[in-house]
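Let's take a walk through this model, going from ring to helix to sheet. Keep the structure open beside you as we go.

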Amino acid sequence: MQEYDLIIIGGGPAGLAAAVSAKEQGIDNILIIERDNQLGGILNQCIHNGFGLHTFKEELTGPEYSQRFIDKVIDLKIEYKLSTMVLDVNDNKQVTAVNTVDGILELHAKAIILAMGCRERPRGALNIPGARCAGIYTAGTAQKYVNVEGLMPGTEVVILGSGDIGLIMARRMTLEGAKVKACVELMPHSSGLKRNIVQCLDDFDIPLKLSTTITNIHGHDRLEGVTIAKVDEHRKPIKGTEEYIACDTLLLSVGLLPENELSRKANVTLNKVTGGPVVDESMQTSIPGIFTCGNVLHVHDLVDNVTTESYTAGRNAADSIKGIYHAGKIIDVFATAGVRYTVPSTINPENIGNGIDVRFRVGEVHKAAYISVYFDDVREMHLKKKILTPGEMESIKLTKAIFDKYNDCKKITIKVEKE
């Protein structure tokens with residue numbers, strides 16, 4: 001059994017930032033385990049710019065952003081293993097992994113950080129009727145084909161779903177010479193960032209069809225076309241609104257799922273809304289000494305927020321290894337009235353320093369609304385927002401001074417209010 005102070009599962013932007021943070025806090029015996037053959041995670045195929053504006057105060061591509069942290073990991077001499085698959089993690093912080101060089105690895109750590117990222121929802125989860133022909137890809141798979149492998153999935157494209165990867169691939173496929181005929185979204189609003197709708201659809205005259213879904217897939221060996229239809233308020237297709245679109249490629253951008261099989265094996269409690277672990281203010285899960293960050297915790301829209309969260313996880317994992325913990329009362333954080341979830345779910349004010357960022361998403365579009373924060377039954381914050389959308393993560397800063405003001409608080413409630 002090999003012993004480490006800290007094992008980080010996942011060598012993407014979350015795992016790399018957490019490793020750097022822990023190392024800078026004086027933890028030397030660190031191991032990063034990555035199943036791919038290189039560090040960097042999903043950012044290696046995200047060759048568009050727009051990364052790093054908050055973290056580095058400049059605009060970078062995905063590979064440039066991840067390389068900044070890869071360089072830090074190498075400079076700090078943090079150990080990592082590539083092409084290594086973690087098979088099991090348990091609540092005693094034992095890790096079983098395998099690769100072709102070492103064979104089976106039995107590892108133990110004083111602390112673990114889960115940073116496995118997320119995966120795309122596949123066609124099998126959608127129950128779309130029709131042929132099971134070639135030409136149907138998740139948007140991320142198509143992105144890897146185009147940006148990494150140099151392959152074109154097709155020339156006439158329809159995109160189902162308006163997540164950020166799908167929107168970005170609409171632009172990418174257009175720039176590579178394909179004709180993107182439509183982006184079809186089941187909901188009455190897009191699930192992607194507003195800037196991506198403008199830059200990836202509007203700028204290229206690609207139609208976004210809201211409250212619309214695919215009702216049939218046509219083709220034998222290769223996709224030949226899809227039938228789309230409008231949906232009602234119950235998301236059921238409306239007869240008589242069908243439209244046939246000829247295409248040879250269908251890209252699916254229908255949501256991301258945190259990759260938490262290992263979290264379940266470790267008996268980590270998961271949030272039913274996010275699919276990721278329930279965490280406290282330190283990014284610690286329900287299992288002491290097991291922390292988490294990034295898209296395995298909840299799906300982010302900005303990698304800069306992943307980095308901030310991962311710094312927190314790394315710093316607090318380091319404190320855990322050193323035996324540093326400030327005991328104090330636990331305040332539950334509740335999401336209600338339009339707010340779907342919060343991260344964290346509990347807060348110990350003794351462990352937040354000068355303050356803490358609480359991140360959350362709303363369940364539907366709200367215009368001219370307020371985000372209200374209640375300490376017990378007292379409304380402490382009432383922030384006006386022009387628009388709130390499910391596609392954009394929201395964040396509020398709760399300072400130490402506020403917690404001192406409500407010293408006897410037992411619960412914090414975050415909600416959407418109209419006035």
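Start at Tyr-145, which is partly exposed, with a relative accessible area of 31%. On this scale, buried means under 20% relative accessible area, exposed means over 50%, and partly exposed is in between (1.4 Å probe, protein chains only). Tyr-137, at a relative accessible area of 18%, is buried. Tyr-137 and Tyr-145 form an edge-to-face aromatic pair, 5.7 Å centre to centre and with 90 degrees between the planes. Rings of Phe, Tyr and Trp (its six-membered ring) pair if their centres lie within 6.5 Å; planes under 30 degrees apart are called stacked, over 60 edge-to-face, and the rest tilted.

A quick word on the ground rules. This is a predicted model, where local features need pLDDT of at least 70 and side-chain atom pairs count only at pLDDT 80 or more, while totals for chains, interfaces and linings use all residues. Residues are numbered from 1 along each chain as its sequence is written, and side-chain values use heavy atoms, with hydrogens and water left out.

Back to the rings: the structure holds 7 aromatic pairs. In one of them, Tyr-65 and Phe-69 have ring centres 5.7 Å apart and planes at 45 degrees, so this pair is tilted. The two residues sit 4 apart in helix 2, which puts about one helical turn between Tyr-65 and Phe-69. Tyr-65 is buried at a relative accessible area of 0%, and Phe-69 is buried too, at 1%.

Two packed helices are described by the angle between their axes and the distance between the axes. Helix 1 (residues 13-24) and helix 2 (residues 62-75) have axes that come within 9 Å and cross at roughly 40 degrees. Here axes are lines fitted to C-alpha atoms, for helices over the stretch in contact, with angles running from 0 to 180 degrees between N-to-C directions. Helices (H or I, at least four residues) and strands (E, at least two) are DSSP runs, numbered from the N terminus. The contact (heavy atoms within 4.5 Å) brings Leu-16, Ala-17 and Val-20 of helix 1 up against Ser-66, Phe-69, Ile-70, Lys-72 and Val-73 of helix 2.

Now find helix 3 (residues 139-149), whose axis comes within 9 Å of that of helix 4 (residues 164-175), crossing at roughly 35 degrees. Among the residues that meet here are Ala-142 and Val-146 in helix 3 and Ile-168 and Met-169 in helix 4.

On to the strands, which pair if DSSP finds at least two bridges between them. Look for an open sheet of 3 strands in the order 14-15-16, paired antiparallel. Strand 14 (212-219) and strand 16 (243-246) are the edges, each with a single partner strand, so one side of each has no neighbour in the sheet. The twist from one strand to the next averages 25 degrees. Strand 14 is joined to strand 15 (residues 223-230) by 7 bridges, and Asn-216 stands opposite Thr-227 in strand 15.

Finish at strand 20 (residues 331-335), which pairs antiparallel with strand 22 (residues 346-347) over 2 bridges. Ile-331 has Ile-347 as its bridge partner there. Strand 20 also runs parallel to strand 27 (residues 411-417), joined by 4 bridges, with Ala-335 opposite Ile-414.
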